[in-house]
Amino acid sequence: MKNLTKTFATVLLVLLSYAYAEPNLIKHDNCPCPEGGMETLLASIEFPNFPNLPHWETFVTLSFRVNPDGSATHFLVLESGGEIYDEAAISACASVHWKPATIDGQPVPVRFNLPFRFHRP
């Protein structure tokens, strides 16, 4: 059933996500990203059961900290798609290892905003 849900449901990670170095807006060399790419993050999502509605969709936008060690912490839900979808997005982001942002080649903590779109075609 889980594979069937994954077949009929997709999550699009909008690549317009952005990061900023804490505590101030400091230009960094690169944005954080999941090791293995966004496909790794997509594969780690535990899909909730979708309502039995045609063309159903919901959005979740998270803000979280990517630490120099590659962990993701301090999650905030900026846009809620409902508790089970918020938790699915948080769990996926917390379960992957992130390549941290760097300044002059040194890993730095950054706040990262990432939108998710859960939908059933």
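Residues are numbered from 1 along each chain as its sequence is written, and side-chain values use heavy atoms, with hydrogens and water left out. Because the model is predicted, local features need pLDDT of at least 70 and side-chain atom pairs count only at pLDDT 80 or more, while totals for chains, interfaces and linings use all residues.

The protein chain has an average pLDDT of 79, and 73% of its residues score at least 70; pLDDT is the predictor's confidence in each residue, from 0 to 100. Over residues 1-17 the pLDDT stays under 50. For this segment the model has 38 contacts beyond four places in sequence, a contact meaning heavy atoms within 4.5 Å. Where pLDDT is low, the predicted coordinates should not be read in detail.

The secondary structure of the protein chain comprises 3 helices and 9 strands. Helices (H or I, at least four residues) and strands (E, at least two) are DSSP runs, numbered from the N terminus. In order from the N terminus, the elements run α-β-β-β-α-β-β-α-β-β-β-β. Of contacts in the protein chain between residues at least 6 apart in sequence, 77% join residues at least 24 apart. Of the 121 residues of the protein chain, 42% count as buried; buried means under 20% relative accessible area, exposed over 50%, and partly exposed in between (1.4 Å probe, protein chains only).

The largest nonpolar core contains 25 residues. A nonpolar core is defined as a set of buried Ala, Val, Leu, Ile, Met, Phe, Trp, Tyr and Cys residues joined through side-chain atoms within 4.5 Å. Leu41, Phe64, Trp98, Leu114 and Phe116 have the most contacts inside this core. Two or more residues each are given to the core by helix 2 (38-43), strand 4 (57-66), helix 3 (83-95) and strand 9 (110-119). Helix 3 supplies the largest share, 6 residues. In soluble globular proteins, nonpolar side chains tend to be buried together.

The buried residues of helix 3 are Tyr85, Asp86, Ala88, Ala89, Ile90, Ala92 and Cys93. They pack against helix 2, strand 4, strand 5, strand 6 (98-99) and strand 9. The expected span of a helix is 1.5 Å times one less than its number of residues. For the 13 residues of helix 3 this gives 18 Å, and the end C-alpha atoms are 18 Å apart, in agreement.

Several polar residues in the strands are buried. Threonine 58, in strand 4, counts as buried at 12% relative accessibility. A polar atom of the threonine 58 side chain lies 3.1 Å from the backbone oxygen of glycine 81. Leaving aside neighbours within four places in sequence, threonine 58 is in contact with Gly81, Tyr85, Phe116, Arg117 and Phe118. Asparagine 113 belongs to strand 9 and is buried, at 8% relative accessibility. The side chain of asparagine 113 makes a polar contact of 2.8 Å with the side chain of serine 63. A polar contact is a pair of N or O atoms within 3.5 Å; within protein, one must be able to donate a hydrogen and the other to accept it, and residues adjacent in sequence count only if both atoms are side-chain atoms. The C-alpha atoms of asparagine 113 and threonine 61 are separated by 7.0 Å, although the two residues are 52 residues apart along the chain.

Threonine 102 is located in strand 7 and is buried, with a relative accessible area of 16%. The side chains of threonine 102 and asparagine 30 are joined by a polar contact of 2.6 Å. Residues up to four places away in sequence not counted, threonine 102 touches His28, Asp29, Asn30, Pro107 and Val108.

Histidine 74, in strand 5 (residues 72-79), has a phi near 55° and is exposed, with a relative accessible area of 54%. Aspartate 104, in the loop between strand 7 (101-103) and strand 8 (106-108), also has a phi near 55° and is exposed, at a relative accessible area of 69%. Most residues other than glycine have a negative phi.

With a disulfide taken as a pair of cysteine sulfur atoms within 2.5 Å, the count is 0. Cysteine 33 is in no disulfide, the nearest cysteine sulfur being that of cysteine 31, 8.9 Å away. Cysteine 33 is partly exposed at 29% relative accessibility, whereas cysteine 93 is buried at 0%.
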